[in-house]
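Look at the structure first, then read on.

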Amino acid sequence: MATKEEARRKLALVIGIGKYDYCEELQNPENDANDMSKALESIGFAVTKKLDLKRAEMKHVVIDFEESIEADDMVLFYFAGHGIQWEDQNYLIPKDSPTLNGAALNKSAINAQDILDTLSDRNPYVTIFLLDCCRKYHLRNPEVDARDPDPSGSKSVGLKPMHKAGSLIAFACAPGTIAIEGKGQRNGLFTKHLLKHITTENDDIQMILRDVAKGVTKESKSKQIPFVSASLLERDIYLYSQQTKRPHKPEQPQDLLQISDQDLQLDEEIGRGAFGTVYRAR
C-alpha cells in the first residue's frame, strides 16, 4: 500500500462519444475527452483515452482498464456523450446504440452502475466518476424504436444518483435534468469548468467540484446545477498533491568580522562563576 500521495498510482479512463449512428451528434465530446486527457496527464495520471466507441469496443475497454487497477490506486472515469436513465438505472450510450428506450437498453447501452461496481471491486484508494452526459437527444431514425410513443420528439431524461462505498460521482447536472451542450464553444459547460479547476494543487476533490458547480450555475444562470454523490472513505483526496516548499533560511552574511584565537588571547583568570571560568583579555 502506498504510504505517500506521490507514490500512489493514478489511473484514468476517458471516453468521449459525439458521432452517433442513431441519435443526434454532439460537437463537444471529442474536444472534452482530448482536453480532459491532457489535463489529467499534466497532474500525473496515466490516461487511457478512447473516442466514438461502439458498445462491444466500450465493454472491452472497460474490462482492460479494470484489469489494470491495483489495490490503493486512485481511479478516475470520465465520460462525455449521451446518457439516459431508465428504471432507476443510468446508461451510457455507445456510438452504435439503436435503442434509447426500455429494457433493450440492457443490450444496446452500458450500465454506468455496473462500471462503478466493477472498478470499485478492485479495491482502489478512491473511485471518481465524472459524467458529462445528461444531455437532450433526438432520435435520427425513429423507426428503430417503435415502442416510443413520441419517437420523433426530443428527450430530456436526466440521470439518477449513484452510490458505491469509497466513490465520488459528479454529474453535469442535478437528477432528472439535462446538461447544456456548449454549442459554439470548444467544451461542454460542465467540462469547461472542470478543466479550470481540476489541476489545482493540494485541493480536495470535493472543494474542486464545489468551485465547478459555482461556475456552471453562474454561467448558466441556474439552468444547470452540477450534482455530486459522495460515499468517500478517505479524507483530503487530492488529484494533484504537491509538497509545500518551506521558506529558505537566509545564510549568515559573509562580511561579518571573523575573530580567531590569535586575535583574542586570554590569560589572567579573574574568577569562577555559574557560567564557568572568567578571564581578562590581554
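## Arg186 and Asp35

Arg186 counts as partly exposed, at 45% relative accessibility. The cut-offs are these: buried means under 20% relative accessible area, exposed over 50%, and partly exposed in between, with a 1.4 Å probe and protein chains only. Asp35 is buried, with a relative accessible area of 15%. The side chains of Arg186 and Asp35 meet in a salt bridge, 2.7 Å from N to O. This pair links distant parts of the chain, 151 residues apart. Arg186 sits in the loop between strand S10 (167–171) and helix H5 (189–197), while Asp35 belongs to helix H1.

A salt bridge here is a side-chain nitrogen of Lys or Arg within 4 Å of a carboxyl oxygen of Asp or Glu. Helices (H or I, at least four residues) and strands (E, at least two) are DSSP runs, numbered from the N terminus.

The model is predicted: local features need pLDDT of at least 70, side-chain atom pairs count only at pLDDT 80 or more, and totals for chains, interfaces and linings use all residues. Residues are numbered from 1 along each chain as its sequence is written, and side-chain values use heavy atoms, with hydrogens and water left out.

## Other salt bridges

The count comes to six salt bridges. One of them joins Arg9 and Glu70, whose closest N and O atoms are 3.9 Å apart. This pair also links distant parts of the chain, 61 residues apart. Arg9 lies in the segment before strand S1 (10–16). Glu70 lies in the loop between helix H2 (55–68) and strand S3 (74–80). Arg9 is partly exposed at 33% relative accessibility, and Glu70 is partly exposed at 47%. Arg9, Glu70 and Asp73 are linked in a network of salt bridges.

Lys95 and Asp21 form another salt bridge, at 3.3 Å from N to O. These two residues are 74 apart in the chain. Lys95 is in the loop between strand S5 (89–92) and helix H3 (105–108). Asp21 is in the loop between S1 and helix H1 (29–42). Lys95 counts as buried, at 19% relative accessibility. Asp21 counts as partly exposed, at 34%.

## The buried residues of H5

Which residues of H5 are buried? They are Leu189, Phe190, Thr191, His193 and Leu194.

What do the buried residues of H5 pack against? Their partners are H1, S3, strand S7 (126–132), S10 and helix H6 (205–219). Contact means heavy atoms within 4.5 Å.
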